[in-house]
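These are my notebook entries on a structure that I had not examined before. I set down what I looked up, in the order in which I looked.

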Amino acid sequence: MKKRICILAFAPIARDARVLRQIEYLSPHYDLTVIGQGEPHPDFPQVDWRMLPPDPPTSILERGLTAAGVAVGGIFPILYDFWYQSHPLFQQMLYIARQIDADAFHANDWETLPLALRAAQSIQPTPVPVVFDAHEFAPLQFEDDPRWRQISTPRITYLLRRYAPRAAASMTVCAPIAGRYTAEFGFAPIVVMNAPKPIDLPIRAVDPNTVRLVYHGVVNRSRAIDRLIEAFALTERRFQLHLYLITDAGYLGQLQLLAEQHAAGRVHFHQPVPVAQLVREIAQYDIGWVFIMPNNYNNYNVLPNKFFDCIHARLALAIGPNPAMAAVIDAYPFGVVAPSFDAADMAATLNALTPDDITRMKRAADAAAHILNADVEMAKVVRIYQDLFAADAAP
């Protein structure tokens with residue numbers, strides 16, 4: 001009989017590529033119950049889906065209580081536990097999780113970790129292990145927002161310090177973040193990168209007269225995509241930029257106006273495509289431009305889905321000097337790293353590329369795709385559970 005893992009995620013599951021990847025690679029080995037938000041994903045009918053309602057609107061009273069809790073929590077941190085345990089969604093998830101006869105709980109992100117541990121303790125006769133996927137460095141997720149630093153950073157720091165070392169195993173997205181968690185919180189996550197499944201795609205020839213760059217993903221004003229367009233305006237006219245952006249209509253309109261003002265006719269906006277189709281869609285281009293301004297700790301140390309999407313699309317890559325991405329490019333030379341995030345430096349790095357350079361990097365991306373992929377990365381997750389269950393079974 002298969003062991004059962006209960007996956008907890010405060011996220012619309014259908015849009016969370018990392019969680020879906022974990023579901024896909026764990027489900028052949030284990031029975032899965034997934035407690036999350038949104039709709040069940042149709043590709044996994046074998047999963048026991050338990051979906052939560054959407055977050056209710058926050059009332060003025062609740063906002064006031066949160067502010068008071070933050071102020072008092074700075075003096076009496078134990079009150080952060082009270083805030084956490086009193087949240088309606090946390091209570092709902094815990095209620096459902098306690099009804100699952102799970103052999104392990106999988107906590108996605110810091111928000112689910114304390115309740116995963118509480119649910120694991122309720123299993124009789126022996127508590128079961130909890131695996132914690134920390135994703136990025138949670139205390140500084142939006143450190144560029146003063147309200148986040150004031151309200152969320154101390155609360156998350158307290159909860160991680162109290163609960164993360166209690167997990168049986170943990171993971172995060174890149175080495176710098178893993179090292180910081182170990183140094184500051186006393187637990188040692190393994191690195192599981194956000195690489196997609198292997199896919200066979202051709203290496204497309206480069207037209208020296210029309211070199212096509214692509215950028216894709218969820219954007220907001222803090223992502224500073226306006227800076228990307230300003231940098232692109234300084235590139236040679238042989239370059240074209242194609243954007244697949246998930247954002248609000250107001251910001252999209254501002255970006256379209258900026259593109260028309262600074263690089264008329266050279267910037268093209270496309271409708272976003274589903275995650276499952278993304279790599280094939282962007283494979284028609286030449287260079288993946290993974291431009292992420294380091295306006296907070298996680299954006300500086302980012303190793304995002306889009307980086308690996310471009311590798312698997314057999315594109316050359318162009319990035320700023322984000323150290324985690326730069327380290328991968330240093331190991332697998334499929335891209336170029338600009339010396340700074342300055343618009344002129346980003347443009348000069350692109351202008352220096354020849355068609356032969358781009359073709360060589362595309363071939364390197366093809367080689368790297370056979371190593372940096374979900375088959376390799378998700379095997380680490382499967383191995384965590386194999387080791388945990390083997391240890392439980394040992395006399």
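The entries below cover a sheet, one of its strands, a single histidine and the nonpolar cores.

Entry 1, the model. I note at the outset that this is a predicted model.

I looked up the strand order and found an open sheet of 6 strands, arranged 10-9-8-11-12-13 with parallel pairing. Strand 10 (267-270) and strand 13 (335-337) are the edge strands, each pairing on one side only. From one strand to the next, the twist averages 25°.

Strand 12 in turn pairs with strand 13 in the parallel sense, over 3 bridges, with Ile 319 opposite Val 337.

Which residues cover the two faces of strand 12? I find Ala 316 and Ala 318 on one side and Leu 317 and Ile 319 on the other, all of them buried. Strand 12, helix 13 (residues 323-331) and strand 13 form a β-α-β unit, which is right-handed. I also looked up helix 15 (residues 355-369), which lies across strands 8, 11, 12 and 13. Helix 15 runs at about 105° to strand 12.

Is His 106 buried or exposed? His 106 counts as buried because its relative accessibility is 0%, and buried means under 20%. Leaving aside neighbours within four places in sequence, I list among its contacts Ile 5, Cys 6, Gln 22, Asp 133, Met 171 and Tyr 385.

In soluble globular proteins, nonpolar side chains tend to be buried together. The largest has 82 residues, of which Phe 105, Phe 307, Ile 311 and Phe 334 touch the most other members. A second, separate core of 36 residues includes Val 211, Phe 232, Leu 243 and Met 293.

I finally looked up what Phe 307 touches, leaving aside neighbours within four places in sequence. Its contacts include Val 290, Leu 317, Ile 319, Met 325 and Phe 334.

How values were computed
Residues are numbered from 1 along each chain as its sequence is written. This is a predicted model: local features need pLDDT of at least 70, side-chain atom pairs count only at pLDDT 80 or more; totals for chains, interfaces and linings use all residues. Side-chain values use heavy atoms; hydrogens and water are left out. Two strands pair if DSSP finds at least two bridges between them. Helices (H or I, at least four residues) and strands (E, at least two) are DSSP runs, numbered from the N terminus. Axes are lines fitted to C-alpha atoms, for helices over the stretch in contact, and angles run from 0 to 180 degrees between N-to-C directions. Contact means heavy atoms within 4.5 Å. Buried means under 20% relative accessible area, exposed over 50%, partly exposed in between (1.4 Å probe, protein chains only). A crossover is right-handed if, with the strands pointing away from the viewer, the path from the first strand over the helix to the second runs clockwise. A nonpolar core is a set of buried Ala, Val, Leu, Ile, Met, Phe, Trp, Tyr and Cys residues joined through side-chain atoms within 4.5 Å.
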